[in-house]
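Thanks for coming, everyone. I'll keep this short: helix packing, then the cores. Please have the model open.

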Amino acid sequence: MRNIRIGDYLVEQKLITQEQLMEVLAKQKEPENTGKRFGEMVVELGFISEISLSKALAAKLRVPYVDLGNIDIDEDAVRRIPESLARKYTVIAISIQGRRLTVATDDPINFNILEDIKMQTGMDTIQVLATKSAINKAIGNMYSMENVDDVLASVNQFRDEEEEDDSKDRIESAPIVKLATTIVENSFRADATDIHIEPFKTYTRIRIRVNGDLVELMNVSNVVHNALTTRLKLISGMNIAEKRVPQDGRFTQVVDGTTLDVRVSSLPMVHGEKIVIRILSTGNIALRKITDLGMSDYNYQLFESMIKCPHGVILVTGPTGSGKTTTLYAALGELAKPNVNVITVEDPVEKAIDGINQVQVNSKTGMTFAAALRSILRQDPDIVMIGEMRDSETADIGIRAAITGHLVLSTLHTNDAASTIVRLIDMGVASYMVATSLIGVIAQRLVKVLCPKCKTQRFSDEDENKLMKLDDVYTPIPVFEAQGCPECNNTGYRGRTAIHEIIHCTAGISTIIARNGSKEEIEEKAKENGTKLLRDNVSELVQKGVTSMDELVRVTYAV
């Protein structure tokens, strides 16, 4: 068993097929893949997930597999291995037992690693196996706080003597470069989506958006603000001499082995320029599948039946930051086959996807959504994705494209699924065209998930039972609320999940749309057909202990 090659072992365990094995071996021989291990290639080609590969490798080599995201790593153990060595070999020490150091690695058959660690630490090592990305993330998290202290100490020595001294040479000075890099690194490790660098009279506040809320990351002296903003503008391709008008730019940065696509926006404020940075993961992180969107079984079946339709319009709605683009990309990932021409029009293109033709909107050159759409329809598309139906012209072209035999996916900013249909008609699209072309509407929100380590149980009161729409509002039921612990940075929540409200435009609903029926009529008919509203979905999550009553009120109060 131990001598069998890993590729043959994966075939034997039915984790990959013989054809996939041959394809990986052929790819390995290509010049650009020289030096890549079989495991890296099979994951890169998408034949198996990194976790499944690691578990199979652990079983084959009889080495324990560990999920680094769910274990407590001993800081004292981590410090035994210098960061440079940890990064060189992609290893992290996780615990100490007497004179033995337990080390997580993704390459357990490389005995040179163990020898080097033994020489460095003077301790015997016990190997456990973990995924490369999990080890890189753990290295980033465990060593990062020491780095922040060092960077801030060196930045405090940096003095911005004169405004004119914001020269390129000055900005390339080590402390400012390190500070800019460290801010992006630590924000990514904290699972942040945005970074706000805000200038005030005596200090600059740096906050990050985690799980939809802004959390303070650090404060720095206001004397370094100009240098920091100039550094960020420089690397993102903005004009560093222009400080009076808003600008946009972007750059890429590699953090813990993941390439980040970073979008930067500057806005002049009273005390200097405010910089907002949006962090987007690039193609290194696989697209979410539609099974990973957090849909209930009923909603998933509805969604799956909708995307099987050969032509028509599917709309995803919700406020900014509710995961609409993620849902659209998941649908595209399912639909993009070699025999299908998929074209998207986006502003901006958030994620480059192999096999899909993506168009970037640029209003300065006249490449608007409407102009791009007209051209796209002459490019023989099967599926068209419009980033957003912003105006009546875009909506009209999108609906007409669906009627002429294309599948059109798009987003709209509305509160719920039923009001989306009414909004389309208000935008000037004829009601009979909406009725004949609309396949369905998905309204969604993101709700925060309670931290499993510290959530506390209590019983609901009558008002809360009414909010949850329970049949018996007088009998208290167990619900959980956020508490806060080191595991969740004292927020009480870890991560988010989506809730969905899906209206499938069946014959009954199409009839109501064609005769300009009201939002209430559409909603009533949808409920008859089995649609679960956003409030129903989040109420289920509260009853299961996944989220809190506070989140139910926050997310669905206006709905």
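**Helix pairs and cores**

Start with helix H16, residues 417–426, and helix H20, residues 519–528: their axes come within 8 Å and cross at roughly 135 degrees. Keep in mind that this is a predicted model.

How are H16 and H20 oriented to each other? Angles over 145 degrees would count as roughly antiparallel. This pair crosses at roughly 135 degrees, so H16 and H20 are oblique. The crossing is right-handed.

Now the contact itself. H16 brings Ala418, Ser419, Ile421 and Val422; H20 brings Lys519, Ile522 and Glu523. By class, that contact has four nonpolar, one polar and two charged residues.

Next pair. Helix H21 covers residues 534–544, and helix H22 covers residues 549–556. Their axes are 9 Å apart, at an angle of about 170 degrees. H21 and H22 are therefore roughly antiparallel. On the H21 side, look at Leu534, Arg535, Val538, Ser539 and Val542. They meet Met549, Leu552 and Thr556 in H22. The class count here is five nonpolar, two polar and one charged.

On to the cores. Which residues have the most contacts inside the largest nonpolar core? They are Ile421, Leu424, Leu438, Ile513 and Ile522, in a core of 39 residues.

Take Leu438. Leaving out residues up to four places away in sequence, Leu438 touches Val313, Leu315, Ile421, Leu424 and Cys505. Apart from this core lies another, of 27 residues, including Leu179, Ile183, Phe188 and Met218.

Notes
Residues numbered from 1 in each chain as written. Predicted model: local features only at pLDDT ≥ 70, side-chain atom pairs only at ≥ 80, totals over all residues. Heavy atoms only, no water. Core = buried A, V, L, I, M, F, W, Y, C linked by side-chain atoms within 4.5 Å. Buried < 20%, exposed > 50% of the residue type's maximum accessible area, 1.4 Å probe, protein only. Contact = heavy atoms within 4.5 Å. Axes fitted to C-alpha atoms, helices over the stretch in contact; angles between N-to-C directions. Helix = DSSP H or I, 4+ residues; strand = E, 2+ residues; numbered from the N terminus. Parallel < 35°, antiparallel > 145°, perpendicular 65-115°, else oblique. Left-handed = near helix turned anticlockwise from the far one by under 90°. Nonpolar A, V, L, I, M, F, W, Y, C, P; charged D, E, K, R; others polar.
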